[in-house]
Amino acid sequence: MTSVAQNVARFLRELEGEAAAHARPLPRVVAVTKRQSVEAIAEALASGISDIGENYLQEARDKFASLPPARKHFIGHLQTNKAKAVVAAFDVVQSVDRIEAGEALSRAAQASGKALDVLVQVNISPVERFGAPPEQAERLAEGLRALPGLRVDGLMAIGPVVPDRDEILRAFEFAAKTFDHIGGSTLSIGMSGDWREAVRAGSTMLRIGTALFGPRN
Ligand SMILES: *Cc1c(COP(=O)(O)O)cnc(C)c1O
């Protein structure tokens, strides 16, 4: 059995190789910790990972309490009635796909005196349920930038799950183009199954679960 520490070391090595091979900057790695144990997450945080991502608020709260400090990213679907608790538990919300979610986060951030980093989630995959349509992304980013308490720092997208690697690359290149229009410093694309294509398209942030932790419980 390989340990999380070994997986992290191997992944970061492969990532350096891929980024260098395509003359791309080295993306930051967010370890996606849904359905992983506190022990496994702590091991990742001791092995060179400093960012973690969770999809579900309650699960995150249960685990965060017993973890060392990390930059925490909310990557799940945001329900507006949970905005206050999400702002309290997380540093970044990557999954803002409609202005109502941004407004709820803005109110919560202001109430807690916090500046919250947010990304616009854009839908680039026909089977994905969430994410703003790409043609509305720029306007959504503008609307979010007008809200106090939020710092719009870029784009997040989930790649299409298809066998054709070129199709994945094209979808990510399209996301990168949309990111250029939105502005900011974070292009969050790439997961365990498609991070190489994401790196080639200019990803600055990968969200990696199974490649670091193995299959989810
Ligand atoms: C689960 C999840 C990931 C990580 O997926 P892996 O394939 O395990 O790397 C990344 N991003 C989002 C939004 C997720 O829900």
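Biologist: Is Asp51 buried or exposed in this predicted model?

Modeller: Asp51 has a relative accessible area of 1%. Buried means under 20% relative accessible area. Because 1% falls under that cut-off, Asp51 is buried.

Biologist: Which side chain does the side chain of Asp51 join in a polar contact?

Modeller: Asp51 lies in strand 2, residues 51-54. Leaving out residues up to four places away in sequence, Asp51 touches Arg28, Val29, Val30, Ala31, Arg71 and His73. The polar contact between side chains has a length of 3.2 Å, and the partner of Asp51 is Ser50.

Biologist: Which residues does Leu212 contact, leaving aside its neighbours within four places in sequence?

Modeller: Leu212 belongs to the largest nonpolar core. Contact means heavy atoms within 4.5 Å. With its sequence neighbours within four places left aside, the contacts of Leu212 are Val4, Asn7, Val8, Phe11, Val29, Ala31 and Ile49.

Biologist: How many residues of the lining of the largest pocket are charged?

Modeller: The largest pocket has a volume of about 700 Å³. Its lining has 35 residues, and those closest to the centre are Lys34, Asn55, Ile75, Ile158 and Met191. Helix 7 and strand 8 (205-208) are the elements that give two or more residues to this lining. By class, the lining divides into 17 nonpolar, 10 polar and, for charged residues, eight.

How values were computed
Residues are numbered from 1 along each chain as its sequence is written. This is a predicted model: local features need pLDDT of at least 70, side-chain atom pairs count only at pLDDT 80 or more; totals for chains, interfaces and linings use all residues. Side-chain values use heavy atoms; hydrogens and water are left out. A nonpolar core is a set of buried Ala, Val, Leu, Ile, Met, Phe, Trp, Tyr and Cys residues joined through side-chain atoms within 4.5 Å. Buried means under 20% relative accessible area, exposed over 50%, partly exposed in between (1.4 Å probe, protein chains only). On a 1 Å grid over the protein atoms alone, a cavity is a set of points where a 1.4 Å probe fits but cannot get out, and a pocket is an open set with protein on both sides within 12 Å along at least five of seven lines; lining residues have an atom within 4 Å of a point. Grid points are joined across faces, edges and corners, and a volume is the space filled by probe spheres set on the points. Helices (H or I, at least four residues) and strands (E, at least two) are DSSP runs, numbered from the N terminus. Ala, Val, Leu, Ile, Met, Phe, Trp, Tyr, Cys and Pro count as nonpolar, Asp, Glu, Lys and Arg as charged, and the others, Gly among them, as polar. A polar contact is a pair of N or O atoms within 3.5 Å; within protein, one must be able to donate a hydrogen and the other to accept it, and residues adjacent in sequence count only if both atoms are side-chain atoms.
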